[in-house]
Amino acid sequence: MIRTARHFAVAAATLAAGIAVAQQPAPPAFAPSNLSASGVRALAANCAACHGTRGKPAAGSTLAGLAGKPRDELLMAMTQFKQGRKPATVMHQLTKGYSDEELAALADYFSKQAR
Ligand code: HEC
């Protein structure tokens, strides 16, 4: 009998904890959406090591600049990399890490940067 009561207490406590967790409000969004303005800037920072800050290649770089290129041209290249339709050494892998929406947002972002 005592044993059963203790089991009941444990079960009740577990249930209460479960309800407490379920009632927690959604955690604050510390990380902005990848598609918000700051989210896209954060994504674009991933490209800086190779394509330069804000897509402007460092002097002497042999890599293509992205800044100020037409949005559709950038998006087409990235989509073709992602689909394996454009030969690449790194971009075919890299683009697979981004959703189509993120690639479109990146193309939009870089097209608006000063060359
Ligand atoms: C590790 C280096 C590296 C990083 C990081 C990188 N790229 Fe590239 N990117 C390249 C290379 C190298 C090419 C040439 C194609 C190839 O060999 O993959 C290229 C080509 C491109 C092209 C085609 C340019 C053209 O005019 O032909 C676009 C667009 C592009 N990258 C966008 C991006 C974006 C957007 C990011 C960030 C999400 C990014 N790249 C990150 C190395 C990089």
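Biologist: Which residues in helix 2 (residues 37-45) are buried?

Modeller: This is a predicted model, with local features needing pLDDT of at least 70 and side-chain atom pairs pLDDT 80 or more, while totals for chains, interfaces and linings use all residues. Residues are numbered from 1 along each chain as its sequence is written, and side-chain values use heavy atoms, without hydrogens or water. Helices are DSSP runs (H or I, at least four residues), numbered from the N terminus. Buried (under 20% relative accessible area, 1.4 Å probe, protein chains only) applies here to G39, V40, L43 and A44.

Biologist: Which residues does L106 contact, leaving aside its neighbours within four places in sequence?

Modeller: Contact means heavy atoms within 4.5 Å. Helix 6 (100-111) is part of what covers the buried residues of helix 2. The partners of L106 are V40, L43, A44, M78 and Y98.

Biologist: Which residues come nearest the ligand?

Modeller: A residue counts as near if one of its heavy atoms lies within 4 Å. There are 19 residues around the ligand, and those that come nearest are C47, C50, H51, T89 and M91.

Biologist: How far is a polar side-chain atom of K69 from an oxygen atom of the ligand?

Modeller: Polar contacts pair N or O atoms within 3.5 Å. A polar backbone atom of V90 is 3.0 Å from a ligand oxygen. For the side chain of K69, the distance to a ligand oxygen is 2.8 Å.

How values were computed
Buried means under 20% relative accessible area, exposed over 50%, partly exposed in between (1.4 Å probe, protein chains only). Helices (H or I, at least four residues) and strands (E, at least two) are DSSP runs, numbered from the N terminus. A polar contact is a pair of N or O atoms within 3.5 Å; within protein, one must be able to donate a hydrogen and the other to accept it, and residues adjacent in sequence count only if both atoms are side-chain atoms.
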